[in-house]
Amino acid sequence: MNTIKVLNSEDLKQLVSIEEAIETVVDAYVELSNNTAEMPDRVITGLGQELDIFFKLSLVPNINTAAVKLLSIRKQGGVNGHPAIQGLVILIDSENNLTQAIIDGSHLTALRTGAASGVATRYLAREDSSVLALFGAGAQAYTQFEAVCAERPIKKAYLFGSSKTSQSVQTFIDYYKGKSNVEIIAADNLEVLSSVDIICTVTPSSQPLFKTNQLKKGVHINAAGSYSPSMHELPEDIFMHTSLFVDHKESCFSSTADILVPLEKGLLPMENFKGEIGDLILGKIKGRSNDSEITVFKNVGIAIQDLMTAKYAYDKACKENFGTSIKM
């Protein structure tokens with residue numbers, strides 16, 4: 001009988017720090033850039049008005065590991081105390097065709113999405129960045145905040161929610177009291193963006209969250225909320241004035257309104273598209289050219305991020321005897 005390791009969200013929180021997740025996602029982007037991974041197109045199916053179901057596959061032959069991710073997202077946010085994102089990642093020993101682990105997909109998704117913004121912040125944000133603006137106050141917001149703070153000396157953070165998420169905003173602020181030295185401020189006035197060095201967006205918005213002319217010169221943006229043609233967080237004209245980097249070109253240029261709408265309207269000059277973050281890590285392309293340049297990292301979330309983060313958690317759980325083992 002095959003022994004399978006089961007890891008829940010609390011196991012993951014204890015096993016993998018945001019700093020470890022960032023390094024793991026760096027490895028994922030390197031595998032992708034080196035063409036040493038297989039990653040078929042993801043499938044997203046809308047069910048009714050509320051749910052999107054994701055199905056993602058990936059394989060990294062170098063570590064004999066495949067992963068299957070099944071994820072459900074409630075487009076209008078979580079209800080009844082449940083998170084908006086729920087799912088599972090199944091880890092497979094590809095050499096022996098054995099299931100190794102079943103891992104909670106909710107926290108894993110938040111962890112690797114935050115880590116992806118941490119990677120982009122490391123390579124693209126100005127070194128002296130100290131003010132953060134965070135749009136969204138759900139589970140994804142926590143790892144975004146922690147990842148950016150791990151990479152830059154953040155002193156102040158503006159947290160933008162909505163009338164529906166005011167309690168989530170206060171819960172976020174209360175959570176970090178005593179845990180962080182960053183001054184976190186509930187915000188609703190976009191004029192503060194003129195002083196912001198890094199922006200992270202993790203919302204289900206169908207309308208741009210701010211205007212390009214409200215941004216500070218030299219700001220870096222991690223845009224991680226929009227994953228479909230109906231979700232749009234960034235201003236339509238933003239790429240006329242910025243350098244665009246993505247996690248995966250084919251995924252970003254085929255799925256998110258953040259890129260599809262500017263493309264359709266002729267508002268994305270291709271010279272402003274610089275390439276994939278993995279190529280930047282490996283030095284195949286250049287990053288920020290000066291302190292006044294505005295940079296955008298568009299991240300739709302790709303399967304290899306899940307695989308590499310899940311594999312790291314699984315290996316560490318085996319060493320430290322974490323999780324629950326079942327026989328199948």
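**Briefing: aromatic pairs, a helix and a surface patch**

Tyrosine 227 is buried (under 20% relative accessible area, with over 50% exposed and partly exposed in between, for a 1.4 Å probe and protein chains only), its relative accessible area being 8%. The model is predicted, so local features need pLDDT of at least 70 and side-chain atom pairs pLDDT 80 or more, while totals for chains, interfaces and linings use all residues. Residues are numbered from 1 along each chain as its sequence is written, and side-chain values use heavy atoms, without hydrogens and water.

**Aromatic pairs**
- The whole structure holds 11 aromatic pairs, that is, rings of Phe, Tyr and Trp (its six-membered ring) with centres within 6.5 Å; planes under 30 degrees apart are stacked, over 60 edge-to-face and the rest tilted.
- One of them joins phenylalanine 54 and tyrosine 227 edge-to-face, at 4.9 Å centre to centre and 65° between the planes.
- Phenylalanine 54 belongs to strand β3 (residues 51–60) and tyrosine 227 to the loop between β11 (220–223) and β12 (243–246), so this pair ties together parts 173 residues apart in sequence.
- Phenylalanine 54 is buried too, at 3% relative accessibility.
- Phenylalanine 145 and tyrosine 176 form a tilted pair, 4.7 Å centre to centre with 50° between the planes.
- Ring pairs link Tyr142, Phe145, Phe172, Tyr175 and Tyr176 into a cluster.

**Helix α3**
- Helix α3 (residues 105–124) is largely enclosed by the rest of the structure, because 18 of its 20 residues are buried,.

**Surface**
- Leucine 70, in strand β4 (residues 65–74), is partly exposed, with a relative accessible area of 46%.

Conventions
Helix = DSSP H or I, 4+ residues; strand = E, 2+ residues; numbered from the N terminus. Expected span 1.5 Å × (residues − 1).
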